[in-house]
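Dear colleague,

Please read them alongside the coordinates.

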Amino acid sequence: MPDILNDETEIFEQVEDVQQNALALPDSALPDRLYIIPISNKPYFPAQVQPIIVDEDPWLSTIERVAKTHHKCIALCWAPEPADHLLVADRFARMGCVVRIHNVVRGEGKIQFIAQGIRRVWIHQWLHRQPPLLANVTYPSPRQEDAQEVKAYAIAIIDSIKELVSINPLYSEELRNYLDRFSPNEPSPLTDFAAGLTTADASDLQDVLDAVPMLKRMEKVLLLLKKELEVARLHMQINRQVNAKLEDHQRNFFLREQLKVIQKELGISKDDKESDADEFRKRLERCKVPVVVQKKIDDELHKLSMLETGSPEYAVTRNYLDWASSVPWGVYSEDKLDITAARKVLDQGHDGLDDVKDRIIEFLAVGAYKGEISGSILLLVGPPGVGKTSIGKSIAQALGRPFYRFSLGGMRDEAEIKGHRRTYIGAMPGKLVQALKDVEVSNPVIMLDEIDKIGVSFQGDPASALLEVLDPEQNREFLDHYLDLRLDLSKVLFVCTANQLDTIPGPLLDRMDMIRLSGYITEEKLAIARNHLWPKSLERAGVKKSLLKISNPALRVIIEGYARESGVRNLEKNLNKIVRKAVVQLLEKPKTPISVTPDNLEKFLGAPIFRDEKTIRGVGVVTGLAWTSLGGATLPIEATAVHHRQAGIKLTGQLGDVMKESAEIAYSYAVSHIQEYGGDPAFFEKAAIHVHVPEGATPKDGPSAGVTLTTALLSLARNRSLPRPLAMTGEITLTGQVLPVGGIREKVIAARRQKIRELILPEANRRDYDELPDYIRKGITVHFADHYQDVYRVVFAH
């Protein structure tokens, strides 16, 4: 770096020579014109000697011009950093400090020099307002004031400086430099030095610099010193508190370490590695661990003792032992085998579903007779909202076993069932091991929810992994990939739930004992709403029963007009909606009871979603029965002759391939047997027939509409409508045989919902109908058909 003045390379190298040899210039030797440089951090005082750093651009020319003068003096004026970064002379403070510059050094776009403060300077008139800034200046001097008063202020300032130095020793170096240059008896330098010693705001320091009278200046500085002392005392107090806390922590740390060493020497304490091993052994003491499992765990414990606690392998081994020791090996809960109590539990939690309850009681009775309930796999199939999950909980409660549930819906990775192998980072056991760890017994009730919605991806097939889990002959030695140990799941009671069977693989379905849960009829929903859903809604909102009541007729209207689906979820949502709207009214009128009746129900729920459906009747119109994943439904089928120019049949209503084939079979059978059933054979030779199934936006498929389609075609050909409301279902063949179909319970419930009391069912489904509860069959007349002639006799022969 080139030196402008003395070719020096160190900034502070000759500060001491400057302090000892440089004398303040007399007024006559100070120039009337000075170059000005602004400083933005805080004002500069005459008693200071400090380094100053400025930018080369635009102050290089100013420094070079000052270097050519014999006095080497320049004025430093405080100017706050402007937001617009514009250099405006009018923003400068008029009172500044004239300094002599020493040891100027350039480098990296900056200029560094030592500034020796000499005295105050007043900018009288600007001569040049752009760099290099130049102005006419004067040098104000304080007038003579009371010496005793000045001395008193000086003593007070000195005492404050002493106290400040005692609190913060960092000030002592600056004080030593000052005493090397000035006498303590000089009030003006003393006051300026004391002001520069503080950390006051720049504006307060500028007020001190502007104060030329000595007493006024000393008064301002003394006030700043007092504030600085308060800050220093607070800082010292905070430091003491922090240091005390650190000392306490350090002391406790050292004491604990010493205690550990002493306890270890005495044999009454162990390190973290030994503590972990002892914890794992303690967990296994309450278990009946198989020999093979115990050997594997002992090998891992030996491996753990050989590893350093900081190694990655130690964490992997410790995590493995944590899981292996958390499995309840050979720990079983005691089953409650009281059938009466089990029936009571099921009745408390569910209204209706008597056939399902009977099936569960039969299952429990076998276990009670045997003395223990072996592991089994139950599959509860039914529409959403019919209580499959809650029945699983009731089974666990009736048995007195812990209950664990996890959903299989959307599961795509078989490792969720069988665990990850330990070679992978972040490996974990499967859900079954996690379930056993949580319930702490080896015979819980585990619910596998939504088993019909398992996904399949490149990561594996979870349904195939479940084949081992749900096979009573294989799950005695279920192998989890993470533990690499055999687990006995034969005592676990698995309860699976599904909405439909189509998506469940055949081998998996074959391993499960299926129980069907059909939809609820109106009377069952009414009992569920009154005994369970309505009290639950009131409790959730914190509303007293005396303030909000709902009548049975209102509940019936909700069930038939707003929540007609098979389950009760929409029913519960509508009841919650009523409670919410009622709470708004109770907030406005807290003591006014509210009663919900059919007359005011629309104020709470709006207009009904479902209207009473009139059974469509007429020539070529027949009502069929269909099964959906949401339960049963009635399905009107319409047939009409469009013209008589060319024979043919057209099908509409978004029918699936199977249903289209059923329609073609029905058409072929009706055409070939029209004369047998009293129709004109010429009708089908010329008529173009259009068959439509209403609600065309809804996809429909299945073979069970064959009988209905045949009846609609014969009704059209004979130009005779059905004599009375009835519904039918059944598959038909080309020879007229009526084959069995599924979903009989759901279809019968759908017919009851539509107030259809006469049904035609396949003869092969008689057993399914006979197994229905009496309250579902009550008031319904059923005709069983083995051949279509049986159907014809019921529909047309009377």
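Asp471 counts as buried, since its relative accessibility is 12% and the cut-off for burial is under 20%. Please keep in mind that this is a predicted model. The side chain of Asp471 meets that of Arg511 in a salt bridge, with 3.3 Å from N to O. Because Asp471 lies in the loop between α16 (462-469) and β10 (478-480), while Arg511 lies in the loop between α17 (506-510) and β13 (513-516), the pair ties together parts that are 40 residues apart in sequence. Arg511, for its part, is partly exposed, with a relative accessible area of 25%.

A second salt bridge joins the side chains of Arg405 and Asp449, at 2.8 Å from N to O. This pair links distant parts of the chain, for Arg405 belongs to strand β8 (residues 403-407) and Asp449 to strand β9 (residues 445-449), 44 residues apart. Here Asp449 is buried, with a relative accessible area of 5%, whereas Arg405 is partly exposed at 40%.

A further salt bridge is formed by Arg766 with Glu763, whose closest N and O atoms are 2.8 Å apart. In this pair Arg766 counts as partly exposed, at 35% relative accessibility, and Glu763 likewise counts as partly exposed, at 29%. Elsewhere, salt bridges that share partners join Arg120, Asp192 and Arg217 into one network. Over the whole structure, the search finds 29 salt bridges.

The other element I looked at is strand β23, which comprises residues 758-762. Why can this strand be described as largely enclosed by the rest of the structure? The reason is that five of its five residues are buried. Glu758, Ile760 and Pro762 point one way from β23, while Leu759 and Leu761 point the other way, and the residues on both sides are buried.

As for its pairing, β23 runs in the parallel sense with strand β20 (residues 727-728), over two bridges, and Met728 stands opposite Ile760 of β23. With strand β24 (residues 781-785), β23 also pairs in the parallel sense, in this case over five bridges, and Leu761 stands opposite Phe784 in β24.

With best regards

Technical notes:
Residues numbered from 1 in each chain as written. Predicted model: local features only at pLDDT ≥ 70, side-chain atom pairs only at ≥ 80, totals over all residues. Heavy atoms only, no water. Buried < 20%, exposed > 50% of the residue type's maximum accessible area, 1.4 Å probe, protein only. Helix = DSSP H or I, 4+ residues; strand = E, 2+ residues; numbered from the N terminus. Pairing = 2+ DSSP bridges. Salt bridge = Lys/Arg side-chain N within 4 Å of Asp/Glu carboxyl O.
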